[in-house]
Amino acid sequence: MAELGSDSGAVALVSALRELGVDLAFGLPGVHNLPVWEAAAAAGIRLIGVRHEQAGAYAADGYARATGRLGGAVVTTGPGAANTLGATGEAMASGAPVLVLATDIPSTLRRPGVYRGVLHETRDQAAMFAPVTKTATTSTAASDLYGDVLRAGRTALRAPTGPVYLGVPTDLLTAAGQPGPGAPEGQQEPAEPDLAAALALVERARRPLLWVGGGALRADAGAEVALLAERLAAPVLTTYNGRGVLPPDHPFLVPGPAHVPAIGSLWDEADLVVAIGSDFDGMTTQNWRMPAPPALLAINVDAGDAAKNYRPDHVLVADAKDVTGRLAAAVAPRDGGEVTARIDGLRAEVAALVREEEPQAAQLLDVLNRLVPADATVLADMCIAGYWVAGFHRVPGPRRLAYPMGWGTLGYAFPAALGAAAAGLGRAVAVVGDGGFLFACGELATAVQEQLPLTVVLVEDGGYGMLRFDQVQAGVPTRGVDLATPDFAALAAAFGVPAERVDGFGDAFEAALAKSLDTAGPHLVAVHAALTPPLSTSPRWYRPR
């Protein structure tokens with residue numbers, strides 16, 4: 001590879017990343033993207049090399065969710081880019097600001113619409129990403145790279161946040177070209193929201209409920225949500241992506257998901273739902289089996305997103321932090337004693353329900369709640385233990401829980417935890433199953449190489465436990481779900497990761513987790529246990545079809 005000039009496309013690309021505040025990204029080198037690695041090193045950007053491109057995009061997602069900053073994934077052409085699609089789709093569905101930078105075949109060898117057989121060629125690489133990104137574009141000149149990268153990164157970070165794809169023909173990285181203008185794309189300022197109409201809805205309501213989603217969390221609207229709840233005397237029900245927007249002991253925070261009948265009754269009784277930063281996804285609403293509320297006020301940066309599943313009576317199209325604060329300031333205070341007393345009762349009722357439903361899950365949650373530091377990021381996978389954590393773990397604050405309840409991608413938590421751990425905010429704790437962990441177990445090498453502060457809690461039940469439950473419930477044979485699995489402690493040790501194996505979530509697990517959390521680098525705790533899934537999983541939804 002020729003030495004890079006100071007005016008090369010790769011240098012311009014990396015300069016734009018620096019302008020976007022990116023000092024850490026994830027990726028996998030390939031023959032087409034090596035100049036990016038060289039330019040990044042020269043610019044002081046830490047590029048963490050993963051063992052599979054999908055893990056790189058997941059790590060960028062985990063970093064973005066933990067920090068609120070732009071997550072970067074740098075991958076190579078064709079199959080390298082395609083390997084990120086599952087992770088990019090999860091970032092899109094969950095609103096994670098991720099920039100996928102993928103090289104493409106040299107522009108000099110491209111013939112539009114013709115597959116010539118160039119190394120790693122696809123007919124239209126950007127088109128693969130169009131359904132799972134906010135924008136998917138390809139640079140056409142080295143002089144455009146600086147502006148293209150800035151535009152892509154700012155698009156990813158602009159609310160509603162989400163992933164963006166930028167393709168870079170590999171010859172542009174070494175080509176010379178003065179950087180062009182880097183001004184962001186213009187956007188129309190939203191109209192001033194009609195607070196009067198919103199206040200009219202609020203003032204008529206006698207049993208209001210706040211339904212708070214990931215948009216509120218990403219807008220850092222926790223204090224404003226708390227004030228509105230306190231002044232309205234309204235319970236606060238959070239979606240999976242909204243968990244942590246209020247501290248776990250806030251008197252108006254409902255202690256669990258709407259899939260618990262006693263909690264779902266709050267929705268049924270409400271005469272007004274105020275939805276803040278939520279699109280009412282199917283998994284949270286039991287595929288919209290929850291009846292439309294008598295009145296719905298939506299706060300959302302995207303009017304279409306606010307209205308696509310339940311029709312609102314009024315939409316405040318605005319930043320959740322700003323308009324929620326303004327609405328709270330305009331609301332006359334109400335007495336909330338009766339509501340907080342009911343929520344206190346719900347806390348005891350939900351705790352008892354978890355113990356009755358699955359005592360092992362109650363043990364797991366108790367240990368996590370007591371031992372995991374408040375600055376740690378917990379990442380729950382699509383596994384039974386992860387379902388319990390996602391629904392019932394006491395999340396200490398914003399961005400301290402990540403869960404793939406967008407696409408629901410199995411195998412998310414461990415590679416995403418690489419990004420959360422690399423962010424330098426605290427330890428990452430990935431709660432995974434044995435089936436999903438094997439999707440990316442090679443990333444143990446990444447964790448060791450980078451000495452990431454990462455604890456893996458791996459629950460072994462011999463396969464895909466949730467799918468096994470589905471088959472047993474249906475009265476059909478278990479097919480494809482009972483897996484041959486390795487000795488996970490030995491596997492981790494082979495990579496140089498300290499590990500322990502315990503049975504169940506009792507004293508031995510507590511001691512092993514405490515030791516793991518006190519470890520400087522990566523550590524794995526393998527737990528032999530089979531759990532029953534919680535009420536939040538679709539086979540157990542209580543709403544009638």
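Five strands form an open sheet in the order β8-β7-β9-β10-β11, with parallel pairing. The edge strands are β8 (236–238) and β11 (314–317), and each pairs on one side only. On average, neighbouring strands of this sheet are turned by 20° against each other, direction ignored. The model is predicted. A search of the whole structure finds zero disulfides.

**Strand β9**

- Strand β9 spans residues 272–276 and is mostly covered.
- Five of its five residues are buried.
- Leu272, Val274 and Ile276 point one way from β9.
- Val273 and Ala275 point the other way, and these residues are buried too.
- In a regular strand, side chains alternate between the two faces of the sheet.

**Pairing through the sheet**

- Strand β7 (residues 208–212) is joined to β9 by five bridges, and the two run parallel.
- Pro208 has Leu272 as its bridge partner in β9.
- On to strand β10 (residues 296–300): four bridges join it to β9, again in parallel.
- Within that pairing, Ala275 stands opposite Ala298 in β10.
- Strands β10 and β11 also run parallel, joined by four bridges.
- Leu297 finds its bridge partner in β11 at His314.

**A helix on the sheet**

- Helix α14 (residues 320–330) packs on the sheet.
- This helix touches β9, β10 and β11.
- The direction of α14 makes about 135° with that of β10.

**Cysteines**

- A disulfide is a covalent bond between the sulfur atoms of two cysteines.
- Is Cys383 buried or exposed? Cys383 counts as buried because its relative accessibility is 10%, and the cut-off for buried is under 20%.
- Cys441 has 18% relative accessibility, so Cys441 counts as buried.

Methods
Residues numbered from 1 in each chain as written. Predicted model: local features only at pLDDT ≥ 70, side-chain atom pairs only at ≥ 80, totals over all residues. Heavy atoms only, no water. Buried < 20%, exposed > 50% of the residue type's maximum accessible area, 1.4 Å probe, protein only. Pairing = 2+ DSSP bridges. Disulfide = S-S within 2.5 Å. Axes fitted to C-alpha atoms, helices over the stretch in contact; angles between N-to-C directions. Contact = heavy atoms within 4.5 Å.
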